[in-house]
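I am opening my notebook on this structure and will write down what I looked up, entry by entry.

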Amino acid sequence: MVTVIDTQRDVRPRHPEKEHKPANPVKKKPAWIKVRAGGSPVYEETRKIVQENNLVTVCQEAGCPNIGECWSQKHATMMIMGDTCTRACAFCNVRTGVPNALDAKEPENVANAVAKLGLNHVVITSVDRDDLDDGGAQHFVETIEAIRAASPDTTIEILTPDFLRKEGAIEAVAKAKPDVFNHNLETVASNYLTVRPGARYFHSIRLLQQVKEIDPSIFTKSGIMVGLGETRNEVLQLMDDLRTADVDFITIGQYLQPTPHHHEVIDFVTPDEFKAYETTAYAKGFLMVSSTPLTRSSHHAGEDFAKLRAAREAKLS
Ligand code: SF4
């Protein structure tokens, strides 16, 4: 179970837009969804480095079920540009509202933390910042540059918002040459109005296609959650749409409901169904596929990046 501890609740509600929505009871998880507890010495060390550098992580903000496992291996996904998102997706546990101004020191702090954690591969994500003229593109660029300067051997994966109506933003971030450019579709097209209002399915597909057009050497990646009422055919159509945009890597994981005020879990997809999605996705030409109940965009991202690179080399040889 994901427990949300919101110490600032009286001061600033975490999900003001969801306060008056009818509650959906959180369904009991099936036996195949098991997570590892935190609390190991390495977990504590990771927590300390995050805290000392004044960083926000999506691992904590999203209430990720894998935090015990990831932080015990020093894998933390940094969330830049604050802890408050300007969108209000029905599945997401990140706080929504009016964000604070950007912290100019954040790129340097993130780079310090990456160096201290000794990461071979880092994943940087962010909240949506529709309030900024460039959607935060320049902040992504500065963060990539600061990590490159402090840890030249670390490979960098970014998981970005959609930069909807932010002209030039995608180009600017792609030109900073992250090793992996990830942008999640999150769900099938028919769910957008209820699950991801404010986003546009075909804009997100086009974003991924543009990254490849700008720099074909950048790996592109996208992820979805299942269990949100989608049909199998819709997932297969989504795979085709991603392949049309030449996306290299697809991740598919089970949606888990963070609180009763979030979108309900419609069904728990079985491990066999995840396996069937994996087989189909490989047949459709993805270089890499991760499809399991606990797959998350940044879960095992370092190991997966090594496999992704090897798969491209094997294809070219
Ligand atoms: S899967 Fe990603 S978000 Fe979840 S704990 Fe691991 S690194 Fe953090």
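**Helices against the sheet**

I began with helix H10 (residues 271-283), which lies across strand E8 (249-254) and E9 and runs at about 170° to E9. Helices here are DSSP runs (H or I) of at least four residues and strands are DSSP runs (E) of at least two, numbered from the N terminus; angles run from 0 to 180 degrees between N-to-C directions of axes fitted to C-alpha atoms, for helices over the stretch in contact. I then turned to helix H11 (residues 301-316), which packs on the sheet and touches strand E4 (121-126), strand E5 (155-159), E6, E7, E8 and E9, its direction making about 145° with that of E9. Contact means that C-beta atoms, placed from the backbone, lie within 7 Å.

I noted that this is a predicted model, in which local features need pLDDT of at least 70 and side-chain atom pairs count only at pLDDT 80 or more, while totals for chains, interfaces and linings use all residues. Residues are numbered from 1 along each chain as its sequence is written.

**The sheet**

I traced an open sheet of 7 strands in the order E1-E4-E5-E6-E7-E8-E9, with parallel pairing, where pairing requires at least two DSSP bridges between two strands. At its edges I found strand E1 (78-80) and strand E9 (288-291), each pairing on one side only.

**The ligand**

I listed the residues around the ligand, among them Cys 59, Cys 64, Cys 70, His 75 and Arg 296, each counted if its C-beta atom, placed from the backbone, lies within 6 Å. Helix H2 (58-61) and helix H3 (67-71) each supply at least two residues of this shell.

Note on methods: Contact = placed C-beta atoms within 7 Å.
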